[in-house]
Amino acid sequence: MRISFLFAFPVLMLALVSCKPKQNKAVQVQVDPMLTDTVIVDSDQYVKFETTKGTFVVKLFRETPLHRHNMAIHAKYGKYDGQLFFGVQKNFKVQCGDLTSRGKAPKVVLGVEDKPDTIRGEINLNKFYHRRGAVAQASMHQTDYSTSQQFYIVTGVKVKPADVMKNLTAINKRFHKVVKDSITRPYSPLIREYRDKKLNNKLSVLNDRLTKQADSIIAARGGRFEYSQAQLDDYANVGGTPSLDGYYTVFGQVVEGMDVIDSISMSKTDINYRPVPDVRIIKATLLDTY
């Protein structure tokens, strides 16, 4: 089975944070119900990760409640405990969230077994972007959904404003495609029927309707994205991976232990970007105060 990860090379930076080949099955939204004893709506929440490389703390954003809730329940019920890091790439990102990774033998490829994308995307580029220390959820399908399990943390490099701006057209095009593909997926059988029967007029009408729906969704999220000066300064002075903006939901930020993330990212890895020796989450703890 061929596995595709995010590679830290300029030409390939637009690849998915992906752990499976694309599938043609319709995406099903099956988000766990909000638990009032898990998500505290009117205050900040944090998750502390104790690892074999040290401890780091993630702040979860209230503005991304679905993704925040997902990490909160995973931490609360011990689903991260014992998991191994994979997809580790220097100056790019570290990845985790494979529930089957515990105790896997050396050289076994991780990140293969995962649930379908099940969390509605909460991409908000005006507020949350791939700055250094950003925590984002992976996706397998390149749609406006995230996998419920795998997440990654950005290390990145400092990027000049002019180089960040070069990505702007591609980012908006990418984001529009992600949203449109997401709402188009349920219509795949109908689209195939129109094409097989050469019903081009009906196909055109449907395409126009889906395009307008995608436009409406993007408008509700703030419209066409433009980098602010503060964001450009952040990428220039702090660093990150702006080429990932528009694909994945950023829902948190490392607020303590970024040196630990850097240490993980510097790990020696095998050809599948799994650290050698393994780097493991000892325990993840949901914090209501920090």
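Predicted model: local features only at pLDDT ≥ 70, side-chain atom pairs only at ≥ 80, totals over all residues.
Figure 1. A search of the whole structure finds ten aromatic pairs. In the pair shown here, the ring centres of Y80 and F151 are 5.4 Å apart and the ring planes stand at 80°, so the arrangement is edge-to-face.

**Figure 2. The aromatic pair of Y129 and Y235****.** A pair of aromatic rings is described by the distance of the centres and the angle of the planes. For Y129 and Y235, these values are 5.4 Å centre to centre and 65° between the planes, and the pair is edge-to-face. Because planes over 60 degrees apart count as edge-to-face, the angle of 65° places the pair of Y129 and Y235 in that class. Y129 is located in the loop between β5 (117-120) and β6 (134-137) and Y235 in helix α6 (residues 229-237), so the pair ties together parts that are 106 residues apart in sequence. Y129 is buried, its relative accessible area being 11%. Y235 also counts as buried, at 0% relative accessibility.

**Figure 3. L110 in the loop between β4 and β5****.** L110 is placed in the loop between β4 (93-96) and β5. With 2% relative accessibility, L110 counts as buried. The C-alpha atom of L110 is separated by 8.1 Å from that of T100, and the two residues are ten residues apart along the chain.

**Figure 4. The hairpin of β3 and β4****.** Strands β3 and β4 pair in the antiparallel sense, over two bridges. F86 stands opposite Q95, a residue of β4. Three residues lie between the strands of this hairpin, in which N91 takes a positive phi near 60°.

Technical notes:
Residues numbered from 1 in each chain as written. Heavy atoms only, no water. Phe/Tyr/Trp six-rings, centres within 6.5 Å; stacked < 30°, edge-to-face > 60°. Helix = DSSP H or I, 4+ residues; strand = E, 2+ residues; numbered from the N terminus. Buried < 20%, exposed > 50% of the residue type's maximum accessible area, 1.4 Å probe, protein only. Pairing = 2+ DSSP bridges.
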